[in-house]
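Subject: Structure for you to look at

Hello,

Here is the structure I promised you. Please open it beside this email and follow along.

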Amino acid sequence: MTATPPVGDLARAVLDGARSRGWTLGAAESLTGGLVVAALVDVPGASAVVRGGVVAYATDVKGSVLGVDAALLSRRGPVDPGVAAQMAAGVRRALGTDVGLATTGVAGPDPQDGHAPGEVYVAVSTPAGDRVRRLDLPGDRPAVRAAAVRAVLALALEAEEGGDAPAPVKEA
């Protein structure tokens, strides 16, 4: 088992990869509440790449600000791979970026709409396509939120490097 790189190293690598491609980044965050953008802007020079972020903590904000389909939100709720994908694409449109990162899920301590604490979806939307990953994260609320930040940055790095993409998201 390999050690997870520190969040600062992941953020720096994501920014370097985007910069080398001439890409800009934005983030749509729910359970992470701004921690993804904070990790990115902790890196000196981030302003050359990061355009901003949207904290869409409330379900209706995911629809009204990020353009997540209202029918999908009504049918599946905010903790869903399709919602994560639409959040990532929506922040690209809202902020005029090349890359959108997104986090949605349940940080805990209590379940939400039948989803257990630690069920998280992270998504990345790039000019090359979209990627979504489901995570079942252990730990308390701070641990789940921190792991979600690392996971979305790791997924962004994979997308930038052109690694194997997971299968497309299928909505039920």
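Does His-115 count as buried or exposed, going by its relative accessibility? Keep in mind that this is a predicted model. His-115 counts as buried, because its relative accessibility is 17% and the cut-off for buried is under 20%.

**The loop between E3 and E4**

Find His-115 in the loop between E3 and E4. Its side chain makes a polar contact of 3.0 Å with the side chain of Glu-119. Beyond its neighbours within four places in sequence, His-115 is in contact with Arg-76, Val-79 and Val-106.

The peptide bond leading from Gly-108 to Pro-109 is cis, and its omega is near 15°. Asp-113 lies in the loop between E3 and E4 as well. Asp-113 is not a glycine, yet its phi is positive, about 50°. Asp-113 is exposed, with 65% relative accessible area.

Now go inside. In soluble globular proteins, nonpolar side chains tend to be buried together. The largest nonpolar core here has 36 residues, and Leu-40, Leu-101 and Leu-153 touch the most other members. At least two residues of this core come from each of H1 (7-21), E1 (25-29), H2 (35-41), E3 (99-105), E4 (119-126) and H6 (141-161). Helix H6 gives the most, with eleven residues.

Click on Leu-101. Residues up to four places away in sequence are not counted here. Among those that Leu-101 touches are Val-36, Leu-40, Val-91, Val-124 and Leu-153. There is also a second, separate core of 20 residues. It includes Ala-28, Val-54, Leu-72 and Leu-95.

**Helix H1**

H1 has 15 residues. From first C-alpha to last it reaches 21 Å, close to the 21 Å expected at 1.5 Å a residue. Which residues of H1 are buried? They are Leu-10, Ala-11, Val-14, Leu-15, Gly-17 and Ala-18. These residues sit on the same side of H1, because they cover an arc of only 160° around the axis. What covers them includes E1, H2, strand E2 (50-55) and H6. After H1 comes Gly-22, with a positive phi near 75°.

**Salt bridges**

How many salt bridges does the structure hold? It holds five.

- Arg-19 and Asp-16 form one, with the closest N and O atoms 3.0 Å apart. Both lie in H1, three residues apart, which is about one turn of the helix. Arg-19 is partly exposed at 37% relative accessible area, and Asp-16 is partly exposed at 40%.
- Arg-76 forms a salt bridge with Asp-80, again described by closest N and O atoms 3.0 Å apart. Arg-76 is partly exposed at 29% relative accessibility, whereas Asp-80 is buried at 1%.
- Arg-133 and Glu-158 meet in a salt bridge of 2.8 Å, N to O. This pair links distant parts of the chain: Arg-133 is in strand E5 (residues 129-136) and Glu-158 in helix H6, 25 residues apart. Arg-133 is partly exposed at 27% relative accessibility. Glu-158 is partly exposed, with 27% relative accessible area.
- Glu-119, Arg-134 and Asp-136 are linked in a network of salt bridges. Glu-119 is also the partner of His-115 in the polar contact of 3.0 Å.

Best wishes

Key
Residues are numbered from 1 along each chain as its sequence is written. This is a predicted model: local features need pLDDT of at least 70, side-chain atom pairs count only at pLDDT 80 or more; totals for chains, interfaces and linings use all residues. Side-chain values use heavy atoms; hydrogens and water are left out. A nonpolar core is a set of buried Ala, Val, Leu, Ile, Met, Phe, Trp, Tyr and Cys residues joined through side-chain atoms within 4.5 Å. Buried means under 20% relative accessible area, exposed over 50%, partly exposed in between (1.4 Å probe, protein chains only). Helices (H or I, at least four residues) and strands (E, at least two) are DSSP runs, numbered from the N terminus. Contact means heavy atoms within 4.5 Å. The expected span of a helix is 1.5 Å times one less than its number of residues. The arc is that of the directions from the helix axis to the C-beta atoms. A polar contact is a pair of N or O atoms within 3.5 Å; within protein, one must be able to donate a hydrogen and the other to accept it, and residues adjacent in sequence count only if both atoms are side-chain atoms. A salt bridge is a side-chain nitrogen of Lys or Arg within 4 Å of a carboxyl oxygen of Asp or Glu.
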